[in-house]
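Thanks for coming. I will walk through one model today, strands and then surface patches. Please have the structure open.

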Amino acid sequence: MNKISTKLAISFFIAVFIMEAILMTYLHQSMIQSRVNEEFARLLSNGSNHRNVLIENYSDTTIKHIVMMEKDIDREVIITNNRGEIISRSSGSVLEKFHTIIMNLDYREDSIVISDWNKSSYIVSAHPFQADGDKSGYVVMFQSTGPIKEMIHKLNMHFAASGVISIIILFVVYAILSKLLTRPLIKMKEATEKISMGDFNVSLPYLGEDELGDLSSSIQKLAKDLEHLKNERNEFLASIAHELSTPLTYIIGYSKIAMRDGITDEERASYLKIIAEESERMKELVKNLLDLARMDETTFTISKEQFNARPFFENVYKLVQPSYEMKNIKLNLICKEDFLIYADPIRLEQIVLNLLDNAYKYSNEESEVTLEVQKNENKTVISVIDSGIGIPEDEIHLIFEKLYRVEKSRSRLHGGSGIGLVVVKELVEAHGGTIEVKSKLGEGSIFKITI
Ligand SMILES: Nc1ncnc2c1ncn2[C@@H]1O[C@H](COP(=O)(O)OP(=O)(O)OP(=O)(O)O)[C@@H](O)[C@H]1O
Ligand SMILES: [Mg+2]
């Protein structure tokens, strides 16, 4: 289970092991080396002291003193004459092992004769002397390697202890890692599993500001967003069902009446007209829904091109003018200068037609609607100004929501489904543009698009 912490602990262990191995080997070697060098230096210094005393004052008493000084410690001394015969010695036991070496000494100055402290039980130095007359020979010093070996043994014990302590620390680190890292990760995994099962009610503990904390709060946010989306989708589906069922009720009702015997042709024609109108509304709604679905999937593409403003808007004007005329609404087009627009002409037409459709629907007869097009720096500003029924101030921010309509009963009168502005907003934003609304209830509205 605790895979990450195990992996981390192993990497940590390998890193620490390599580091410790290198450091400890270096430390071990240099400590031993300096201790051995110390022993050599002391041995040479003692030997040369004895030799100097002997040169200055060569006598049996001096020799006896030298030998006595080296008794009872880890050092031994042997004094030989120039024929290799032993004049005096501090111990007999040394002699047997080193007899041949002592017999064949041939040095002009103080020298280490045996330096291999590891194999030999003594390190040996030789100090040639030349006193009055033919009194010459060697002061041979012996230093037992026992203390060095004992010191190395102690050192090894210390190093082993620190190795064991390192391993204990490693296990503590492993336990902490497992607590700090793996457990929150397992909790987050459980939370995501819960989310994928459709249960968005997850609560993760606060883990601080680090990457784990970020991940935890992202999961929490994801759960919240998904819950919001799910609710929104349910509401949306319910609204659609409602929207579709209303015209269907009319269609079914009126078709039943139209089928009855004993009604006049005129009456039948009027019922069929209502059925046709309601079917048209449904068709419109389904078309808008399809548009919306395509936008949500972001499968629709914007293909921008450059085109002239005036002919474009004159064409739009011509398209809507007849229906405006039927309702006796005056439509003005203001496009003072002709300039180039960089946009998707089909989508832009859809945007403007939607706004003009709203202005038409939510304006009273004999009123006026203005479509104004201006160039502002590199941008195109399109305003649709009407003096219609307006939108209550507290509802302005809601009109871009799916299926939202101000005063549902009145909208039914106007035949809206509350999708037009959602489509407009998505299209404007896909162009990288913005939409602004100013409206006053009973006075009129201004929809201003900048792209
Ligand atoms: N120019 C306007 N004047 C007054 N109210 C408006 C205007 N434009 C939009 N509205 C309000 O905003 C609501 C949402 O508009 P939207 O265009 O999204 O939907 P709709 O016109 O009702 O239906 P459709 O999907 O057919 O366009 C409308 O129902 C209407 O109440
Ligand atoms: Mg509309």
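Start with strand 1, residues 75–81: 7 of its 7 residues are buried, so the strand is largely enclosed by the rest of the structure. Buried here means under 20% relative accessible area, exposed means over 50%, and partly exposed is in between, with a 1.4 Å probe and protein chains only. Helices (H or I, at least four residues) and strands (E, at least two) are DSSP runs, numbered from the N terminus.

Before going on, the conventions. This is a predicted model, where local features need pLDDT of at least 70 and side-chain atom pairs count only at pLDDT 80 or more, while totals for chains, interfaces and linings use all residues. Residues are numbered from 1 along each chain as its sequence is written, chains are lettered from A and ligands numbered from 1 in the order in which they are written, and side-chain values use heavy atoms, leaving out hydrogens and water.

Back to strand 1. In a regular strand the side chains alternate between the two faces of the sheet. Both faces of strand 1 are covered: Arg75, Val77, Ile79 and Asn81 are buried on one side, and Glu76, Ile78 and Thr80 on the other.

Which strands pair with strand 1? Strand 5, residues 136–144, pairs with strand 1 in the antiparallel sense over 7 bridges; two strands pair if DSSP finds at least two bridges between them. Val77 has Met141 of strand 5 as its bridge partner. Strand 2, residues 86–89, also runs antiparallel to strand 1, joined by 3 bridges, and there Ile79 is partnered by Ser88. The hairpin of strand 1 and strand 2 has 4 residues between the strands, and Gly84 takes a positive phi near 85 degrees.

Compare strand 8, residues 340–343. Strand 8 pairs with strand 6, residues 305–308, antiparallel over 4 bridges; Leu340 is the bridge partner of Asn308.

Now the surface. Ile10, Phe13, Ile14, Phe17, Ile18, Ile22, Ile167 and Phe171 make a nonpolar patch of about 810 Å². Helix 1 and helix 4 (146–196) each give two or more residues to this patch, and helix 1 gives the most, with 6. Phe171 lies in helix 4 and counts as exposed because its relative accessibility is 55%.

Conventions
Patches are made of residues with over 30% relative accessible area and no salt bridge: like charges are joined within 9 Å, nonpolar side chains (Val, Leu, Ile, Met, Phe, Trp, Tyr) within 5 Å. Accessible areas come from the Shrake-Rupley method with a 1.4 Å probe; for residues, only the protein chains shown count as cover. A salt bridge is a side-chain nitrogen of Lys or Arg within 4 Å of a carboxyl oxygen of Asp or Glu.
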